[in-house]
Amino acid sequence: MRTSFRNKLLLLIVGLLAVTLSTSLLAVLRASSHAVENIVREELQVVERVFRALLQDDREQLRNRAQLLAGDFAFKQAIATGEKATIVSVLANHGERINADFVVMLSSTGDILLSTHNIDRLPANVLETAQGPATTARAMLTLFNDQAYQLVLVPVLAPDLLGWVGLGTAVDQAMLNELRNITNADITLVASISGNVSAVVQSTLADGLTLDGGDRQQTDDVAAQLADSLATQSWLSRKVVLLEDDGQQLIAVLSQSLEQALASYEPLRQQMVIIGFVALFLAGITALVIARSVTQPIYQLVNAARRIADGNYSRRVNLRAGEEFGQLADTLNLMQDTVSEREARIRYQAQHDMLTKLPNREYIYSAFNTRMAENPQRDQFAMGLLELANLQQLTDLYGSEFSDTILQQMAERIIDSLRRGDMAARVADSQILLFFDDLTHDGVAVVIEKLQEDFASPVLINGIPVRLEPLIGFVFAPQHGRKFEELLRRAQIALANARATSSGYSFYQIGQDETHLRQITVAHRLQTAVEGKHFNIVFQPKYDLRAHDVLQVEALMRWTDDELGEVYPDEFIPVAEQTGIITEISMIMIKQVIEQICAWRRGGLNLAVCVNLSGTDILKTDFVRHTVASLHESGLDPASMVMEVTETMMMTDMKMALANIKLFEDAGIQLAIDDFGSGFSSLVQLKTLPVQELKIDKSLVLRLDQDTDDQQIVRSTIEMAHYLGLKVVAEGVENKASLQLLQQMGCDAVQGFYVARPMTAAALESWLGDLPTNVRAIRDADVFSV
Amino acid sequence: MLRVLAVMRIIALLMMLSSAQAGELRVQLNGDDGRPVPFAVLTLPGMSADSAAHPTRATVDQQERRFVPHVSTVTPGTQVFFPNSDDTRHHVYSFSAGNSFELQLYRANDAAPVTFDNAGIATVGCNIHDNMKAYVYVSDDATARVSDLDGRVHLQWQGTTLPTLLEIWHPQLQSSVQLSIAPIDDKILQINLPVVWEDPQIGKSELELEELLKRFSLDAN
């Protein structure tokens, strides 16, 4: 658990003070208790002296009075009479004069003659006194019958010693109370009493405080017991031995209550406690104020730091606190500024292309989304993907630094031509995406015109005037999509289309993207098909018009995909060529074709098979060598395979193509030019190529019977081919009229639905065994024509 | 008493009288401190003396708050005068059995003589001067003599019989003591008494007070 600074400070200050205060308070209390105890102890000493002096004084007074009494002539006279009645009378009378409680008459030798109390013998101290010289009176404290007395023995001199008169006053409760009033201490008399025990005989203490029983043998013990008993109730006692004689013991226990004595200190204690609490309270307040003065700025700083952490840099930290916190606040402000600046820079870098200073793809993506989220109703806008048609050429020519400069210049021009609300971003190396808000198909012409205007004048880079040739693919929302990725992809398609136009721009057409997507799927599935060899080969017979027989069949790829269903070569071959997987497909085909030919040979069927090679294949020497080797290994006659290639493909690298074709030729494999008349057809090449056969493209044949132009082309082609010594094969023969035309034109062989559709090997075998009527009729027609 | 006897060292020297009719004995009394003991009464029990030598009248004067003499010996029936030689009155009394009397405050010779009829020792005091004390030794024995201030006693007897007993009384003794003596020729009998003589009538502080009182009092006369 984390303890807050405030609580710590509070605990520290208040705790320290509390400890200090309580310690000092305790010390004071102890000292005061101690002092009071000492004072009481000393007081008790004084009380003892006072007590003794008072007793002494009392005795002196008694003695004086007794002396006066004994000096009375009449008293002496009465005593001298020796008459008991008279003596008793005079003793009573004179005793009364001095308030004596006790009167005794002794003979001159100390024998008891008369006594008010029943005493057997005199205490030893009295006796000794009586036997001493009889000049003066003696005063003493003594016990008679469990009662303490102040006793004065006076000699009766007439003028010789007649005897002793003893006069005593009881040390009674009244006297003790008086003593107590003077000394302010309680007095308890403990005496040896009859029966050989000791007990408390008199006390000024409250009943509860004295001893109830107290029948110990020694007065000392009783006194100690009493002192202990009082001590338990916070009383201090002092033992004063008044009489210690043979058989007579008298102890006064002087006691004072400590509590009473301490009572005078009570206000002081209370004051100290109050002062302590006030001090603690003030210390607590002070601690809180100090803590607040520290924690308040800290909280403010913490809040500021959190705010900065959340990315809010707008507010300055303003502290009205001490220098240290002020410095911290300044530092925090500085940090905030620095962080803010750096973040802005980083964000700019993250959102912009450093070369052109244009926003990057991420930025325009989020800007696009923001725009869409803010104004979903305004869903009409256009996006144009722009690239320079001649950038690659210029780079090749002048280097990449040059092209960087071109891009910068282009960006500047684009920025200049943008309307308010439009955006431009560099989304790819050489592509810039333009966002035209509220632009529809109708208004795009103006925009295109303006852009082309802006790009019309050449830019001067390193003294070289360069003309920039922008290509733009346009998409329009909402009809072409609403999502950024979707729109960008379709703009790419439009741009690709624009490359093929002369205008330099193109609009996306709905459906293009789907075709494109299917191509991607096909490419993807092709991979699986190659791995699983999911290809079948069908064969289409080629009817030889010279031999009136089927001497060759064309092997055609058939691919039935689990997802796409049946896919025709027209669709998947271009994709395979683009992705480069075509060679693997071709190798599969070659292998299967060789196996099929071998199977037919064993069955006595002598057919040559034409295999279509892609232009990519023909440029790969490895493939060519492999094919040649495979055929060689199979032990087949090389003439049983015919390789069909298109001119267009070969033109990419004619030298390599010729070299590879030469390999086929050397191996004895026949070659045919496929799709002649569709793409580029170079007669010069045709002359140099070591081919034996020319296949006229079916686009020229399909409507041959109706199109006279086609008839002219086909006739000329056949004538030219024949002139060059080539056999001519027509593809796409679908009706009798075309067939007859071709026959008339001198075509060597025909292929098409009119003859037969492509079929499996097994179907072909049975087809050959039982030729349909129309096929058999071709020969007849020829016969007729001849 | 035995103790007293034991303490006493008696040098029994009996002085024989040359005269057949009479004898005499000189005694020197000393105290424990070796100093003479005055005012001791010595008698020779069983001996007779010239009774004519005993006057029928005796005087115990009061001079400067003292009874003078301190001890007197008289025979029964003797009139004793207590003249007052001081300027103050005296109140002379005795409570002694058989011879008690009281002479209330009087001056000079105002008081009548007191006849001591019965044998015994009468203790005499003054009621207003506690220190004053006198003893009147009333005895039929005519041999009784009082030691002088030097502790000397001169005893005399009649007849040829020699005394064998000597009785001594002194105020400071609890009671009389008797000593056996043997006649020794012409010697002073030295007797040590177990007392130290102190003059009982000395009352200094009282006198001082009186002097002071005189100085600061108005003369009423």
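# Exercises on a predicted two-chain model

In this predicted model, helices H15(A) and H16(A) are roughly perpendicular to each other.

## Exercise 1: Two crossing helices

Find the angle and the axis distance at which helix H15 and helix H16 of chain A pack, and explain why the pair counts as roughly perpendicular.

Solution. Begin by locating the two elements: helix H15 covers residues 512–532 of chain A, and helix H16 covers residues 569–579 of chain A. Their axes lie 9 Å apart, and the packing angle is about 75°. Angles of 65 to 115 degrees count as roughly perpendicular, and H15(A) and H16(A) are therefore placed in that class. Next, list the residues that meet: H15(A) brings A:Gln519, A:Val522, A:Ala523 and A:Leu526, while H16(A) brings A:Glu571, A:Phe572, A:Val575, A:Ala576 and A:Thr579. Sorted by class, the residues of this contact are six nonpolar, two polar and one charged.

## Exercise 2: A five-stranded sheet in chain A

Work out the strand order of the five-stranded open sheet in chain A, and state which strands stand at its edges.

Solution. Reading across the sheet, the order is E11-E12-E10-E15-E16 of chain A, and the pairing is mixed. Strand E11 (423–428) and strand E16 (505–507) of chain A each have a single partner strand, so one side of each is left without a neighbour in the sheet. On average, neighbouring strands of this sheet are turned by 20° against each other, when direction is ignored. Now look at one pair within the sheet: strand E10 (residues 381–388) of chain A runs antiparallel to E15(A), and eight bridges join them. A:Leu388, for instance, has A:Pro470 in E15(A) as its bridge partner.

## Exercise 3: Backbone exceptions

Identify where the cis peptide bond that joins A:Ala477 and A:Pro478 and the one from B:Val68 to B:Pro69 are found, and where A:Asn462, with its positive phi, is placed.

Solution. As background, most residues other than glycine have a negative phi, and most peptide bonds are trans. The bond between A:Ala477 and A:Pro478 is cis, with omega about 5°, and A:Pro478 is found in the loop between strand E15 (470–477) and helix H14 (484–499) of chain A. In chain B, the peptide bond from B:Val68 to B:Pro69 is also cis, with omega near 0°, and B:Pro69 sits in the loop between strand E5 (66–68) and strand E6 (71–74) of chain B. A:Asn462 is not a glycine, yet its phi is positive at about 50°; this residue lies in the loop between strand E13 (459–461) and strand E14 (464–466) of chain A.

## Exercise 4: An annotated stretch and the confidence

Describe the chain over residues 272–291 of chain A, and then decide where the model calls for careful reading.

Solution. An unreviewed UniProt entry lists residues 272–291 of chain A under "transmembrane region". In the model this stretch is 100% helix and 0% strand, and its end C-alpha atoms are 28 Å apart. Turning to confidence, chain A averages a pLDDT of 84, with 95% of its residues scoring at least 70, while chain B averages 77, with 78% of its residues scoring at least 70. Within chain A, the lowest confidence falls in helix H4 (residues 124–131), at a mean of 61, and the highest in strand E25 (residues 749–750), at 93. Over residues 1–20 of chain B, pLDDT stays under 50. Where pLDDT is low, the predicted coordinates should not be read in detail. For the complex, the predictor gives an ipTM of 0.70 and a pTM of 0.47.

How values were computed. Residues are numbered from 1 along each chain as its sequence is written. Chains are lettered from A and ligands numbered from 1 in the order in which they are written. This is a predicted model: local features need pLDDT of at least 70, side-chain atom pairs count only at pLDDT 80 or more; totals for chains, interfaces and linings use all residues. UniProt positions are given in the numbering used here, feature names are shortened, and annotations may be inferred rather than shown by experiment. Helices (H or I, at least four residues) and strands (E, at least two) are DSSP runs, numbered from the N terminus. pLDDT is the predictor's confidence in each residue, from 0 to 100. Two residues are in contact if their C-beta atoms, placed from the backbone, lie within 7 Å. Axes are lines fitted to C-alpha atoms, for helices over the stretch in contact, and angles run from 0 to 180 degrees between N-to-C directions. Angles under 35 degrees count as roughly parallel, over 145 as roughly antiparallel, 65 to 115 as roughly perpendicular and the rest as oblique. Ala, Val, Leu, Ile, Met, Phe, Trp, Tyr, Cys and Pro count as nonpolar, Asp, Glu, Lys and Arg as charged, and the others, Gly among them, as polar. Two strands pair if DSSP finds at least two bridges between them.
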